[in-house]
Structure formats: C-alpha cells, structure tokens
Amino acid sequence: MYLNQFLLLAAFLFCVGVYGVLARKNGVLVLMSVELILNAVNINLVAFGAFHATVTGQVFALFVIAIAAAEVGVGLAIVLLIYRNRRSIDLTEADLLRG
Amino acid sequence: MLRNAWIIPALPVASFVVILFFGRRLPRQGHEVGLAAVGLAFVLSLVAAAQWVDRPATLVVEGPAAEGAAEGHATLEAAPAPAGGGHGEPGAEAGAEGEAGEGEHEVEPIRAPVEREVTWYQNGPVTVRAGTHMDGLAVAMVVVVSLVSLLVHVFSTSYMHDDRRYTHFFAALSLFTAGMLIMVTSSNTLQLLFGWEMMGVCSFMLIGHWWEEKNNSDAALKAFFTTRTGDVGLLIGISILFFGAGRTFNIEAINTAALSGGMSEAVLVAGAAALLCAVIGKSAQFPLHTWLPDAMAGPTPVSALIHAATMVVAGVYLVARLYGVFWAAFDIGEGGVNPVALFGGITVLIAAALAFVQSDIKKVLAYSTVSQLGYMVMALGVGAWTAGVFHLFTHAFFKALLFLGAGSVSHAVHGFDMKKDMGGLRRAMPTTFATFMIGTVALAGIPPLAGFWSKDEILLGAGENGYGLFLLVGLVGAVMTAAYMTRCVYLTFFGSYRGHGHPHESPPAITVPLLVLAGLSVVAGFLNAPGIAKFGEWTENATVLMAGVAHHEFSVGTAAVGTLVGLAGIALGFAYYWRNLGPHRLTDRSAGARAGYRFLANKYYLDVLYTDKVVGSIKGPIARAAYWTNQKVLDGVVNAAGAMARVAGRFVYDVVDQKVVDGLVNGAGAGAEESGGALQVLQTGRLQQYAAFLFGAVVVLGGALVLFA
Amino acid sequence: MIVQNVIFGAIAGAMGLAALRVVTTKNIVHAALYLVVVLAGVAAIYILLAAEFTAAVQVLVYIGAIVVLFLFGIMLTRAPIGATAELDNDQRGVAVVVALFLLGVLGAVLQDAFGSTKLPADLAPQRTADVGTSIFQTYVIPFEVVSVLLLAALVGAVVLARRD
C-alpha cells in the first residue's frame with residue numbers, strides 16, 4: 001500500500017470538511033464538518049505512525065479524539081445558547097459583529 | 001598764557017554755566033559773574049599779547065618761488081633770537097628753523113605760533129585734535145573780542161536794567177563770548193566750526209531776546225536761517241579741505257597743502273567756494289546780507305557786540321585764517337577780479353546806498369557795518385591781508401562806539417527813529433555827542449583817526465596789486481560812507497528836538513565805555529601807521545608769507561585821495577543838511593526819483609525775493625507737491641502693500657487654508673472613512689465568511705509556495 | 001496486498017461519498033447518519049493501518065458519544081426533521097472554489113512529496129501496551145493536560161448550557 005493513498009484520502013476529507021464549514025448554514029452542521037476535518041487529521045497521524053513504525057501517531061490521534069470530544073461538547077453548548085437567545089441557529093443571521 | 005590760551009575761552013564758558021544755574025540768586029542777578037569772567041579774560045588776553053610781542057622771531061618762512069616776499073620790508077625786525085630760543089614749542093612750520101637771516105634769504109623770520117593740542121578722538125587712521133593755535137592774528141582777535149565784550153557787559157548793566165530776562169541776557173553774552181574766543185583760538189577747522197555754530201545759536205538767542213514781540217522772533221529766525229544757509233558751505237568746505245589736505249583738520253596743514261600745490265585745483269576751488277558761501281552768510285555779504293539790518297531788533301548792546309565788532313567778522317576771520325586756501329584757489333595775487341573781492345566790492349556799494357534811506361539810527365549803522373564788512377572782504381580779496389585784518393581791528397572799536405552811542409541816545413529818548421524821536425541832542429547829551437562824532441570821523445576815514453590808516457591800506461593794496469576796479473569801488477564807498485554818517489549825525493544831534501521826552505545824558509555805566517572806545521578809535525590806528533607798522537609785524541603769519549602777500553610803501557598820493565573823498569562826503573552831507581543845498585524833496589517832484597527811492601526803501605526787493613519767492617515757493621507749491629507725493633505716492637504704496645497683504649491673507653485663508661490644507665486634512669479623514677466604508681463590506685459579522693477568507697488565503701499562499709518554492 | 005488495496009478502495013469510496021453527502025444533504029439527521037458512516041470508515045482505515053486500539057477508541061468515542069451529542073444537539077435546537085429548504089448559505093460557490101483549490105494544492109504537494117512512498121509491507125499491529133506505555137511515560141504531561149482540558153470542557157459545557 002502506498003502511503004499516499006491514505007494521505008490523499010485524508011486530504012479529500014479535509015477539503016470536504018472545509019467546504020462544509022464554509023457552506024453550511026446550520027451551526028450543528030458546521031460542527032459536523034469540523035469533525036470531518038479532525039478525522040482527516042487523525043488519518044494522517046495514524047498513517048505516518050504506521051509508516052515510521054512508531055506508536056506516537058496513535059497516541060496523538062487519541063489526544064485529538066479527546067480534544068474533539070471536548071470541543072464538540074462546548075460547541076454544542078454554545079449552539080444551544082445561541083438557539084435559546086435567538087430562536088435560530090442560522091449562522092447567517094448571527095452578524096451582530098457586522099461593521 | 002600763550003601755552004595756556006585755552007583758559008581764555010574757558011572763563012566765559014564757566015561763567016555761562018554759573019550764571020545759568022545760580023544767576024538769579026546772586027545779588028546782582030549774575031552780571032557780576034559775567035563781568036568778572038570777561039574782565040579776567042581780557043586781562044589774560046593782554047598778558048598773551050604781551051607775551052606774543054616779547055616772543056623772539058625765530059621762524060623763517062620761504063615765500064613762493066619767483067616773486068619772493070617783500071620789497072622794502074621795513075616793518076619786520078631782522079634781529080633773530082638765539083636758536084632754539086628756550087621755548088621748544090611745537091609749531092607748524094614750512095621752512096627751516098633759522099638763525100639770523102641776514103642777507104642769506106630775503107625773508108625775515110617771524111614769531112613762531114604756539115600750538116597746543118590734545119587728542120579729541122580717533123577714528124581709524126584719522127586723529128581729531130582739539131587745541132589752541134596762538135599767533136598774532138589770534139592774539140589780536142582775542143584782545144578785541146574780550147575788550148569789546150567787557151565794555152558791552154558794562155554798558156548792559158545800565159542799559160538792560162530791569163529787563164524781563166536780565167540774567168539770561170548775561171548768560172547768553174558769556175556764551176557768545178566763549179564761542180567767539182573758541183573760534184579765534186582754534187587750531188583746527190572742526191573746532192572753528194564748533195565756535196562758529198555756538199555764535200550762531202547765541203546770536204539767535206540774543207536777537208530774539210524780547211521774543212514776545214513777533215518782530216523780534218522773526219528777525220532772530222531770519223538771522224539764523226540766513227547764516228545757516230551759508231553754514232552749509234562751511235561744512236562742505238571743511239570736508240573738502242579735510243580730504244584735500246590729506247585727511248587733516250589742522251589749519252596750518254591745510255594752508256600749507258593749499259599753497260605748496262598739495263591740493264588739486266578742483267578741490268581747492270571747490271573748498272574755497274564753499275567757504276566763501278559761509279563768509280557771505282555770516283559776514284552779511286551780498287546776497288545774504290538781508291539778515292543784519294533786521295537783527296537790529298535785538299537789544300543795542302547785542303548789536304554792538306555781535307553785529308558790529310565780533311560775530312559778523314567771523315567770516316572775515318575765516319578768510320584771513322585760511323588765507324592760503326583762498327589765495328591759491330582764486331589766484332588773488334594775479335590781480336583783476338576774483339569772487340572774494342567781487343562780493344566784497346558789491347557789498348560795499350549796495351549797503352552804503354541803502355544807508356541813505358533809513359530813518360532808524362540802528363539800521364543806518366547796520367548797513368554801515370555791512371558796507372565796512374564789504375571793505376574787509378574786499379581787502380582780503382585784493383591781496384591786502386594786513387589791511388583787511390587791521391580794518392577789522394579798528395572797525396571793531398569805532399563801530400561798537402557808534403552802536404553804543406546809538407544805544408545811549410535811544411535810552412534817553414526811548415526810541416530809535418531819527419526823524420521822529422531825535423534831533424538837537426548835542427546839547428542834552430554832550431558826551432554821547434562827542435564820542436559819536438569821533439566815531440563818525442573815524443569811520444569816514446579822516447586822518448589821524450583809526451579808520452583812516454586801515455582804509456588807506458586797503459586802497460593802497462587795491463591799487464598796487466592790480467585791482468584798479470576795486471580801488472574805485474573803495475573810493476566811491478568812502479564818499480558814501482562819509483555822506484550817510486553825516487546825515488545820521490545831523491538828524492540825531494543837530495536841528496531841533498522832535499521827540500516828546502526830556503533827554504539827558506546817560507549814566508556812567510553807559511558813557512564810560514563810550515569814552516574808552518573813543519580813545520581807542522583815536523589811537524588804535526597808529527599801531528599800523530607807516531613807520532611804526534607793528535600790527536603787521538605782529539600778525540602776519542606763515543601762511544601770509546608763504547603766499548607771498550605783497551607789502552607796499554606808504555603812498556602819500558593814495559592817502560591824500562582817500563582823505564579827500566572822505567572830506568568830500570562830509571562836505572556833501574554838510575551842504576545838503578546844514579546849508580539846505582541840493583535837490584531837497586526830489587521824490588515829490590520826480591517819478592524817477594520816487595521809483596529809485598522805493599527801490600532802495602524796499603532793499604532792492606531782495607527780501608521780497610527771498611521770503612515771497614524762494615521761501616514762498618518752497619512753502620507753497622513745493623510743499624504741496626511734497627505733501628501730495630507723500631499722501632498719494634508713498635502712502636499709496638504703503639496702503640497698497642497693506643491691501644495686498646490683506647488680499648494675500650484672504651487668499652491664503654480661503655484657498656490655501658480652507659481648501660487645500662483643510663481639504664487635505666478633511667480628505668484624509670474622508671479617505672479613511674471611505675476606505676473604512678468600503679472595507680466595511682468585508683465585515684459582515686458572519687463567521688463563515690471570515691473562515692472563507694482564511695482558507696482562501698491559505699490556498700493562495702500554499703499555491704504560491706508550491707509554485708515558486 | 002491486493003486484498004488490502006481493494007478493501008481500502010471500497011472503504012475510501014464509501015467514506016468519500018458519505019462525506020460529500022454530509023455536506024450536501026438537506027436533511028440534518030441524514031447528515032448525522034452520513035457522518036456515522038464516515039467515522040466508521042475511519043475506524044476501518046485504522047485497522048488497515050494496524051492501529052487497532054485507536055480504531056476501537058474511534059468507534060467508542062466518536063460514533064458512540066460525539067454523534068450522539070450531535071443528535072442531542074439537533075434535537076435540542078429543534079432542527080427540522082426531514083428535508084428543509086436550504087441548509088447552505090450563499091457563499092457556496094466561494095466555498096467550492098476554495099475547497100477545490102485547497103484539494104489541488106494539497107494533492108499536488110502530497111503527490112510531489114510522497115508520491116512513491118510505500119508503507120512497509122508487513123504492518124504488525126501495534127500493541128496496546130505500547131500505546132499505553134507511550135501515553136503514560138513519554139507523553140504523560142500532554143495526557144494530563146488533555147484531562148484537564150476535558151474537565152474544563154465539561155465544566156464549561158455545563159455552565160454554558162444550564163438554565164437559570
């Protein structure tokens with residue numbers, strides 16, 4: 001197996017995730033896209049870990065997973081608050097910082 | 001005293017200061033200080049004169065190349081003093097200090113002058129000195145001035161009694177005396193100018209002593225302005241001669257430079273012409289003589305001192321002192337006509353003519369003074385230096401005598417008009433009459449009185465030096481002088497009394513000076529009589545000898561002619577007045593005579609010319625033109641500059657400040673605002689848009705890296 | 001070898017499609033489900049790469065917890081069940097462009113760098129013990145930090161979301 005196939009797969013996922021972050025209106029969907037990105041990164045890490053026959057890749061992948069979990073938790077809490085305050089989690093309506 | 005001659009002028013200066021500050025508080029209102037100072041000055045001047053006479057003649061002066069000095073110099077002593085005669089005085093000389101000049105040179109040695117100077121100030125290479133230069137001429141002048149001043153002081157104590165400004169009068173008299181003494185003893189032209197101007201100021205003060213009456217203040221102003229017009233010439237002349245003589249003000253140096261060819265012809269003539277203007281102004285020569293008769297508005301003692309004996313002769317003294325300059329500039333030795341003699345001669349005649357139509361006794365004497373000043377200037381102009389100076393000397397005595405006599409008369413009758421206030425006073429005022437007669441005869445030039453000797457010398461000089469025209473002028477002038485004085489005497493002392501008062505003889509304070517002067521008028525002439533000729537010996541200085549002024553033998557013929565014309569004048573007067581011969585009341589009968597009389601009465605319309613035409617045209621059109629120029633042109637320029645500044649300011653404000661500067665500032669703000677507004681579009685507040693930019697930037701950078709790295 | 005490649009290809013295809021559906025579907029819940037597919041595929045990839053422990057954790061945490069969180073979130077925010085009108089905002093075009101360009105850049109770079117790199121033929125599964133040892137010895141401090149982070153996140157989420 002080529003290393004590149006995993007890397008390219010990860011890159012693809014990453015770009016899809018980017019697209020999702022940029023293009024989705026719903027806050028939750030944005031968070032989902034962020035998950036895609038994180039997963040892409042994870043794939044990268046593990047692939048390189050396997051490539052170098054070291055366990056470090058996995059370790060860091062585990063860390064990323066943990067952080068992703070934390071991030072989703074907090075993120076959803078925020079989305080909830082937004083929903084409570086505005087009755088909508090449409091990100092295009094959240095433009096209070098508009099200049 | 002010759003070395004300390006500065007004391008002589010210093011005394012009247014001190015007395016001026018003392019009288020000015022303390023005069024009122026003194027028991028005699030300050031006249032005692034004045035009298036004491038001038039009296040002491042006179043004594044010291046006599047001492048100086050004695051010292052001068054005693055001085056050994058050690059200075060040998062070379063005359064000019066060919067003609068050499070004298071023919072028959074019977075007047076100078078040949079015996080010299082032992083060389084280096086114990087005095088060691090510094091003096092300016094032009095020839096070798098000599099031992100006995102017996103037969104070796106033709107010139108006889110003269111007394112070396114005593115010059116003593118201190119440095120006044122230094123200005124670069126030029127050092128200006130102040131000091132005294134005592135020679136025979138200076139000594140003679142000092143004696144005359146201090147004597148006449150003393151007598152006038154004595155006279156004034158009675159004449160000016162109860163005057164409204166008695167103390168001030170004496171202060172001014174002291175200051176005047178000081179000024180004249182400074183002038184005659186000065187060693188350089190700058191100091192001479194100083195004394196000259198001091199006298200001008202004092203003359204103004206004294207003529208206008210009773211300035212409350214407009215006549216008097218007008219007369220004072222006229223005198224001042226007219227002499228001032230001439231004084232411009234003095235200043236210019238001094239400056240020209242300063243440069244011409246190699247940057248020195250010293251009179252000896254200037255004379256030497258002038259006679260030895262050190263100055264170029266143009267400089268010499270320019271300097272002499274300028275100085276001549278000053279002489280014409282101060283010594284009342286034609287055409288600037290108009291101030292002197294008007295100056296009679298001042299008190300009579302003032303007229304006697306200033307306008308007869310001392311100040312007016314300052315011009316004559318100037319010529320005599322700087323004779324080298326005049327001699328060289330106008331070639332006086334050549335004969336014919338020269339400006340100096342010309343002005344003098346014209347003055348002699350026109351003033352004498354005017355004296356005939358005056359009814360104010362002082363005015364007669366004033367014109368007589370002008371005429372006699374003309375004689376002096378003419379004498380210097382025809383090369384009779386000693387004659388001119390000697391006439392100055394004798395004239396001072398008998399003219400002062402005449403003026404004081406007129407003062408005595410007017411004091412008695414309280415008026416000056418001969419026709420209205422006087423007449424037949426010889427019985428009421430015998431002393432005054434006698435002394436006045438002596439003065440008249442002296443003035444007319446009848447031997448053996450003083451006037452004869454001096455006038456005769458003038459005529460001799462004119463005739464022998466090749467100035468025949470001026471000899472004629474002198475003779476005609478003598479006739480006229482005698483005639484108008486006879487008229488004056490007749491109208492004043494003879495006939496019947498036409499006034500309203502009770503005239504009586506004046507007190508001794510007035511008559512004693514008259515007697516003294518009368519005595520001097522009799523004997524002073526003998527000082528230079530042929531055979532004695534001491535005056536010439538004592539006063540002729542290095543300049544005169546260097547110039548080569550000629551000396552002449554006494555000519556019986558000239559003397560006889562001179563006497564005859566004088567007697568003729570008296571006879572004419574006698575015939576006209578005593579015997580009633582001649583064309584009486586001619587003006588009633590003849591229109592021509594009337595016109596002539598009017599011409600004379602209006603003083604040849606010179607006053608009209610000066611006041612109305614010259615001054616008037618300056619006051620009128622020229623002043624108006626100057627005012628117009630000032631208002632329209634100068635003010636116009638200034639106002640225009642101001643208006644332009646305003647316009648420029650407005651422009652700067654409106655355009656530069658408001659539009660450009662404010663525009664820039666506001667523009668910067670507006671630009672910031674606009675760009676902010678433009679950039680505001682980016683600030684949607686939408687998170688995803690920011691994220692889009694972020695990733696987009698990453699893409700671009702990454703792409704760039706990939707492509708170019 | 002070949003078997004691995006085929007399996008990889010299948011998994012990668014499924015993941016790719018599912019990922020695309022996540023970001024394009026109009027149904028939120030479907031998006032979440034597609035996410036599950038992606039996550040499962042990731043776990044399979046891990047196994048292919050002989051990282052078994054990580055695969056297990058992936059399934060447990062990601063699919064088991066995070067997706068559930070997502071579903072809770074969808075529920076609590078009253079996300080519309082079923083297809084809705086628009087879930088995409090109006091900068092889709094930009095996003096597509098950016099994503100494509102990004103893909104291009106990344107792909108180019110990767111191809112350039114690792115184009116011919118092969119994974120070692122025998123990928124022995126890495127032992128969980130080794131993973132544990134590495135975490136608790138070499139990387140103990142990051143581990144502790146992450147735990148604190150989790151704690152903070154927990155507290156934060158509670159604080160943020162509580163009603164008062």
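Q: Before the helix pairs, how are axes and angles defined here?
A: Axes are lines fitted to C-alpha atoms, for helices over the stretch in contact, and angles run from 0 to 180 degrees between N-to-C directions. Helices (H or I, at least four residues) and strands (E, at least two) are DSSP runs, numbered from the N terminus. This is a predicted model, in which local features need pLDDT of at least 70 and side-chain atom pairs count only at pLDDT 80 or more, while totals for chains, interfaces and linings use all residues. Residues are numbered from 1 along each chain as its sequence is written, and chains are lettered from A and ligands numbered from 1 in the order in which they are written.

Q: At what angle do H5 and H6 of chain B pack?
A: About 175 degrees, with the axes of H5 (residues 189-207) and H6 (residues 214-244) of chain B 9 Å apart. That makes H5(B) roughly antiparallel to H6(B); the cut-offs are under 35 degrees for roughly parallel, over 145 for roughly antiparallel, 65 to 115 for roughly perpendicular, and oblique for the rest.

Q: Which residues in H5(B) and H6(B) meet?
A: Among them are Leu193(B), Trp196(B) and Phe204(B) in H5(B), and Phe224(B), Leu234(B) and Ile238(B) in H6(B). Contact means C-beta atoms, placed from the backbone, within 7 Å. By class, the residues of this contact of H5(B) with H6(B) are eleven nonpolar, five polar and one charged. Ala, Val, Leu, Ile, Met, Phe, Trp, Tyr, Cys and Pro count as nonpolar, Asp, Glu, Lys and Arg as charged, and the others, Gly among them, as polar.

Q: And how do the axes of H10 and H14 of chain B cross?
A: At roughly 10 degrees, with the axes of H10 (residues 300-309) and H14 (residues 361-381) of chain B coming within 11 Å. H10(B) is therefore roughly parallel to H14(B). Their contact residues are two nonpolar, four polar and one charged.

Q: Switching to H18(B): how many of its residues are buried?
A: 15 of the 15, so H18(B) is largely enclosed by the rest of the structure. Buried means 20 or more other C-beta atoms within 10 Å of the residue's own, with C-beta atoms placed from the backbone. Just after H18(B), Gly466(B) has a positive phi of about 90 degrees.

Q: What does the secondary structure of chain C come to?
A: Six helices and zero strands. Of the 164 residues in chain C, 29% are buried.

Notes. Two residues are in contact if their C-beta atoms, placed from the backbone, lie within 7 Å. A residue is buried if 20 or more other C-beta atoms lie within 10 Å of its own, exposed if 12 or fewer, and partly exposed in between; C-beta atoms are placed from the backbone.
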